[in-house]
Amino acid sequence: MKKYFAECIGTMVLTLLGCGTAVFVGCGEPAGVFATAAAFGLAVIAMAYTIGSISGCHINPAITLGVALSGRMSWKDACGYWVGQFIGGIIGAAILFWICSATGAPGAMGDPAGLGTNGVANAGGVGGAILVEVVATFLFVLVVLGTTAKNGAGNLAGLAIGLTLILIHLVCINLTGTSVNPARSFGPALFVGGQALKDVWVFIVAPLAGGALAAGVWKCFECECKKCEK
């Protein structure tokens, strides 16, 4: 239970601080894009060195799927992680919604720009958004699997993962708002409602597909059969 609770807290922090930066700083200018990207990346780094020794600090259902498909954790634990992550995303969004409501900041119910929600319009629609999120999540989860492997980056894994998330956000924020994380997307969409909630399935399905693809590629990298060694 400690692992699941740690995942809940970590995902709450990621959602609150990452989406909170998007709300209060904005992503309309390059400085705001960089600030939001940095917030998500730094939140991951901070949590990696806080709860990494407890749960591994997935704080992302797509990462958990990739780890489970790679055989590094049981499916029972994966289900526990997913429950904790989605609850954490909802709690983080609830806190942010309460702050926005109390201060009059963007994020009210139905506000399309509220709470750092994701969207498909700037990516050319559903198809474009799915492509962006699958590719971005594939790259992100591949870095996670590589840096946390037996001969990976060791104590520097959290730093490498956080920096990778910053880079991905810099590329994708103006396309989809950058999800690569179903729990981080579901929480804000639940409170904003409207189109954000209608489109949230894209930001659940696409990141999970990207995570599964990364697991498949990484298993090929780790394969030690004679055919692969040739």
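Modeller: Start with helix α3, which is mostly covered. Eight of its nine residues are buried. They are Pro 61, Ala 62, Ile 63, Thr 64, Leu 65, Gly 66, Val 67 and Ala 68. Keep in mind that this is a predicted model.

What covers the buried residues of α3? The cover includes α4, α5, α7 and α9.

Take α9 from that list. Two packed helices are described by the angle between their axes and the distance between the axes. The axes of α3 and α9 cross at roughly 30° and come within 8 Å. That angle makes α3 roughly parallel to α9, because angles under 35 degrees count that way. The crossing is right-handed. On the α3 side, the contact is made by Pro 61, Ala 62, Leu 65, Gly 66 and Leu 69. On the α9 side, it is made by Pro 207, Leu 208, Gly 211, Ala 212, Ala 215 and Lys 219. The spacing of such lists has a simple background. An α-helix has 3.6 residues a turn, so residues three or four places apart point the same way.

The loop between α2 and α3 holds Cys 57. Cys 57 has a positive phi of about 55°, although it is not a glycine. Most residues other than glycine have a negative phi. Cys 57 counts as buried, at 10% relative accessibility.

The loop between α3 and α4 holds Arg 72. Arg 72 forms a salt bridge with Glu 222, and their closest N and O atoms are 4.0 Å apart. Glu 222 lies in helix α9, so the pair ties together parts that are 150 residues apart in sequence. Buried or partly exposed: which are these two partners? Glu 222 counts as partly exposed at 37% relative accessibility. Arg 72 counts as partly exposed too, at 32%.

The structure holds two salt bridges. The other one joins Asp 77 and Lys 3, with the closest N and O atoms 2.8 Å apart. Asp 77 lies in helix α4 and Lys 3 in helix α1, so this pair ties together parts that are 74 residues apart in sequence. Asp 77 is buried, with a relative accessible area of 18%. The cut-off for buried is under 20%, so Asp 77 falls inside it. Lys 3 counts as partly exposed, at 29%.

Stay with α4. It packs with α7 at an angle of about 45°, and their axes are 8 Å apart. That makes α4 oblique to α7. α4 passes α7 in a right-handed crossing. In α4, the residues that meet α7 are Gln 85, Phe 86, Gly 89, Ile 90, Ala 93, Ala 94 and Phe 97. In α7, they meet Pro 182, Ala 183, Phe 186, Gly 187, Pro 188, Leu 190 and Phe 191.

The loop between α6 and α7 contains Val 180. Phi of Val 180 is near 50°, a positive value in a residue other than glycine. Val 180 counts as buried, at 1% relative accessibility.

The largest nonpolar core has 51 residues. Those with the most contacts inside it are Ile 59, Leu 96, Leu 115 and Phe 140. Which elements give two or more residues to this core? They are α1, α2, α3, α4, α5, α6, α7 and α9. Both packed pairs described above are made of helices on that list: α3 with α9, and α4 with α7.

One last stop is the loop between α4 and α5, where Asn 122 is found. Asn 122 is exposed, with a relative accessible area of 58%. Leaving aside its neighbours within four places in sequence, Asn 122 is in contact with Asn 174 and Leu 175. The C-alpha atoms of Asn 122 and Gly 177 are separated by 9.0 Å. Those two residues are 55 residues apart along the chain.

Terms used. Residues are numbered from 1 along each chain as its sequence is written. This is a predicted model: local features need pLDDT of at least 70, side-chain atom pairs count only at pLDDT 80 or more; totals for chains, interfaces and linings use all residues. Side-chain values use heavy atoms; hydrogens and water are left out. A nonpolar core is a set of buried Ala, Val, Leu, Ile, Met, Phe, Trp, Tyr and Cys residues joined through side-chain atoms within 4.5 Å. Buried means under 20% relative accessible area, exposed over 50%, partly exposed in between (1.4 Å probe, protein chains only). Helices (H or I, at least four residues) and strands (E, at least two) are DSSP runs, numbered from the N terminus. A salt bridge is a side-chain nitrogen of Lys or Arg within 4 Å of a carboxyl oxygen of Asp or Glu. Axes are lines fitted to C-alpha atoms, for helices over the stretch in contact, and angles run from 0 to 180 degrees between N-to-C directions. Angles under 35 degrees count as roughly parallel, over 145 as roughly antiparallel, 65 to 115 as roughly perpendicular and the rest as oblique. A crossing is left-handed if the near helix is turned anticlockwise from the far one by less than a right angle, and right-handed if clockwise. Contact means heavy atoms within 4.5 Å.
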